[in-house]
Amino acid sequence: MSGKIQRVRGTRDLLPEDSLLFRFVEESAYEKSLLYGFGEIETPIFEFSDVFHRTLGETSDVVNKETYDFTDRGGESLTLRPEGTAGVARAFISEGMSQNLPLKFYYSGPMFRYERPQKGRYRQFYQLGAECLGYDSPLADVECISLAWDLLQKIGISNDCTLEINTLGDSESRAAYRDALVQYFTAHQDQLSADSKMRLEKNPLRILDSKDEGDKKLNINAPKLEQYLNETSQTFFKKVLAGIERLGIPYKVNSHLVRGLDYYCHTVFEFTTAKLGAQGTVLAGGRYDGLIETMGGPRTPGVGWAAGIDRLADLTPRELAVKSEVLIAVIGADDLGEDESVKVAHEVRSRGLKVENILSGKMGKKMQKANKLGAHYALILGSSEVQGQQVTVKNFGSGEQTTISRSELATFKFSI
Ligand code: ATP
Ligand code: MG
């Protein structure tokens, strides 16, 4: 690096106007999660590399190309978390929580993936998510989707989003389907991308998720999972769909939806939008009954989802996030007034009101600044007000100006 210090590619600075939206999204999600009985969990930002490498599967894009792996000064192989579920599962096992099932967790925080940066795709990005552990019932899947839908409604973007859903079936159905895929893709092996040739051996299902144009063409005529679903898998999927219908959540079955990670079974779903260009998936999830066992824990069913906060915030209408609240400017008209202004500002703030103490410029400039900030009131303090234990209140809306005593100020009604 030379010259000016720069931001690392793929990272962003969240300025106050961005943070306002992020916080609104996170607070909305947190609030809704509590209503559904999901408690907040915060796992470390880095874990032993195995936590991710073992669970996400060595053929997934995330593990192959996207993780930030490093060796720390003690020689440990560590990885910055690329997603939240593996960390939650690790915590579940290492904290010995299996006696307390069912358990429901909410989380939010930064994730790290070495990806090609573009709009809506960053190397440090933010996710919030929900995980429900211990329920075999398809209604747990429905509850998770219901929580996601409530969140999208609360932040004003549900009309821009479509729920796409599919089933991967249970392990028996998947094994049968896998065989059919291997047969099909082996017959067309010469047309597969290099990545997919590798997937063919390790995890042929993943080929269906490929973004390579040649693979996509082959995928059109690939066998469909529907034909290989056993009775159990079909019943499970029907129950999920019926539950979603009962809640009135619009959805589309998308038989191409497979999701990138190894540990999914039965339900997979995504909420997508046409409003964010290529980066159209805002929330994605599914059932992962095999995950905890893969990590060395007891067999524990699970279902959950994660949403990209960067993308949700991009869609959220700003006016929903901005609280309409009264803004009061404090203006010291001379030295004595300025000195007293901090005390007056403090008194009014202690009532829970928002106060901007304007600290520079002459009287006229200060009034202009107050106007520019959109203040509804100005509290003006000059020597005469200070000496008389008074303050002048100007209402910018009506133009009215009155001088009141400082004791009256304590209960003065400021309204917009
Ligand atoms: P994509 O197909 O966009 O790469 P993914 O399948 O890798 O998505 P998940 O691992 O399911 O994504 O993550 C859940 C959500 O997190 C995504 O739907 C998206 O909203 C968000 N997300 C994932 N990667 C990024 C990123 N690099 N930058 C911003 N948001 C991201
Ligand atoms: Mg990705």
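**View 1. Helix H14 (residues 363–372) lies across E12, E13, E14 and strand E15 (390–395).** H14 runs at about 170° to E12. Contact here means heavy atoms within 4.5 Å. The axes behind such angles are lines fitted to C-alpha atoms, for helices over the stretch in contact, and the angles run from 0 to 180 degrees between N-to-C directions. As for the labels, helices (H or I, at least four residues) and strands (E, at least two) are DSSP runs numbered from the N terminus. This is a predicted model, in which local features need pLDDT of at least 70 and side-chain atom pairs count only at pLDDT 80 or more, while totals for chains, interfaces and linings use all residues. Residues are numbered from 1 along each chain as its sequence is written, chains are lettered from A and ligands numbered from 1 in the order in which they are written, and side-chain values use heavy atoms, leaving out hydrogens and water.

**View 2. Five strands make an open sheet in the order E13-E12-E14-E15-E16.** The pairing is mixed; two strands count as paired if DSSP finds at least two bridges between them. Strand E13 (354–358) and strand E16 (401–405) sit at the edges with a single partner strand each, so one side of each has no neighbour in the sheet. On average, and ignoring direction, neighbouring strands here are turned by 25° against each other. Zoom in on strand E12 (residues 327–332) and strand E14 (residues 377–381), and you'll find a parallel pair held over five bridges. One spot to look for is Gly332, whose bridge partner in E14 is Leu381.

**View 3. Helix H13 (residues 335–349) lies across E12, E13 and E14.** H13 runs at about 170° to E13. With 15 residues, H13 reaches 22 Å from its first C-alpha to its last, close to the 21 Å expected at 1.5 Å a residue (the expected span is 1.5 Å times one less than the number of residues). There is still a bend of about 35° at Ser341, taken as the angle between axes fitted to the seven residues ending there and the seven starting there. Gly337, Glu340, Ser341, Val344, Ala345 and Val348 of H13 are buried, where buried is under 20% relative accessible area, exposed is over 50%, and partly exposed is in between (1.4 Å probe, protein chains only). The cover over those buried residues includes E12, E13, E14, helix H15 (383–387) and helix H16 (406–409).

**View 4. The protein chain splits into domain 1 (16–170 + 230–319) and domain 2 (324–410).** Their centres, taken over C-alpha atoms, are 48 Å apart. The bounds come from an automatic or database domain assignment.

**View 5. Ser146 is found in helix H5 (residues 138–154).** Ser146 counts as buried because its relative accessibility is 9%. Leaving aside residues up to four places away in sequence, Ser146 touches Tyr36, Leu247 and Ile249. Ser233, 87 residues away in sequence, is 21 Å from Ser146 in space, C-alpha to C-alpha.

**View 6. Leu101 and Pro102 are joined by a cis peptide bond.** Omega comes out at about -5°. Pro102 sits in the loop between helix H4 (85–94) and strand E5 (103–112). For background, most residues other than glycine have a negative phi, and most peptide bonds are trans.

**View 7. His266 has a positive phi, near 45°, without being a glycine.** His266 belongs to strand E9 (residues 265–273) and is buried, with a relative accessible area of 7%. Gln389 is also not a glycine, and its phi is positive at about 55°. Look for Gln389 in the loop between H15 and E15; at 51% relative accessibility, Gln389 counts as exposed.

**View 8. Strands E3 (residues 68–71) and E4 (residues 77–80) run antiparallel, joined by four bridges.** Asp69 has Thr79 as its bridge partner in E4. E3 and E4 form a hairpin with five residues between them, and Gly75 in the turn has a positive phi of about 85°.

**View 9. Glu27 is part of helix H1 (residues 16–35).** At 44% relative accessibility, Glu27 counts as partly exposed. Met97 is 70 residues from Glu27 along the chain, and 26 Å separate their C-alpha atoms.
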